[in-house]
Amino acid sequence: MLTQNPGNVPALDGLVQLLISQDRTEAAVGLLRDTLATADQSNELNPGSIDKLSVKLLLGQVFVAQKKYDDALKIYDETIAEAEAASPGQPDFRPTLAKALVFAQQGKDAEAQPLFDRALEIAPVEYKDGVRELIAQNTASPDTESAADADAESSAAPDPGADSSESAAPPVAP
């Protein structure tokens, strides 16, 4: 699948998760860096064939799995800037949410909370419940949890972009 379509994010995500589960995180990093290295050329030949932002988010997830938080934060900062530049009016919420999750995982709640708030603010309406759920799972704030619980009860369907795994990995594709 990836040889024919190297930018297939679900396939990349599946392979990356498999490599992480096998403690082959360096192989996952190599795969994602190779994908990013060929992205511009691939996108020139076939526009939109590789979603660089999603690939970078996957790379950040691998760095988190490796506990290389500074590397993950660097990737997330890059993707936040790229998302803002690509769509200033409605930037992609995922890198902001991912950065907040890293801070929360490190116990840096003061740094995480404004990013959680920003991610919730810019998330499209169909993802807000999932974002609230991730925030509730990763913060100790009773206000956030009760709001998320109330929203979850009224939600007709779960957010497909939210990952409720223990690692609380940020959603890769909206």
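**Helix packing and selected residues**

Modeller: Please keep in mind that this is a predicted model. The crossing of α1 and α2 is left-handed.

Colleague: Which residues make the contact between them?

Modeller: On α1, the contact is made by L12, L15, V16, L19 and I20. On α2, the residues are T25, A27, A28, L31, L32 and T35.

Colleague: How many of these are nonpolar, polar or charged?

Modeller: The contact of α1 with α2 has nine nonpolar residues, two polar ones and no charged ones.

Colleague: How is such a pair of helices described in general?

Modeller: One gives the angle between the axes and the distance between the axes. Here, the axes of α1 (residues 9-21) and α2 (residues 25-45) come within 7 Å and cross at roughly 155°.

Colleague: Are α1 and α2 roughly parallel or antiparallel, and why?

Modeller: Angles over 145 degrees count as roughly antiparallel, and α1 and α2 are therefore roughly antiparallel to each other.

Colleague: A new topic: where is T139 found?

Modeller: T139 is in the loop between α7 (125-138) and α8 (142-154).

Colleague: Is T139 buried or exposed?

Modeller: T139 counts as buried, because its relative accessibility is 12% and the limit for buried is under 20%.

Colleague: What lies 2.8 Å from a polar atom of its side chain?

Modeller: That is the backbone oxygen of I135.

Colleague: And what separates the C-alpha atoms of I135 and L101?

Modeller: They are 8.1 Å apart, although the two residues are 34 residues apart along the chain. L101 belongs to helix α5 (residues 94-105) and, at 4% relative accessibility, counts as buried.

Key
Residues numbered from 1 in each chain as written. Predicted model: local features only at pLDDT ≥ 70, side-chain atom pairs only at ≥ 80, totals over all residues. Heavy atoms only, no water. Helix = DSSP H or I, 4+ residues; strand = E, 2+ residues; numbered from the N terminus. Buried < 20%, exposed > 50% of the residue type's maximum accessible area, 1.4 Å probe, protein only. Axes fitted to C-alpha atoms, helices over the stretch in contact; angles between N-to-C directions. Parallel < 35°, antiparallel > 145°, perpendicular 65-115°, else oblique. Left-handed = near helix turned anticlockwise from the far one by under 90°. Contact = heavy atoms within 4.5 Å. Nonpolar A, V, L, I, M, F, W, Y, C, P; charged D, E, K, R; others polar. Polar contact = N/O pair within 3.5 Å; in protein donor to acceptor, adjacent residues only side chain to side chain.
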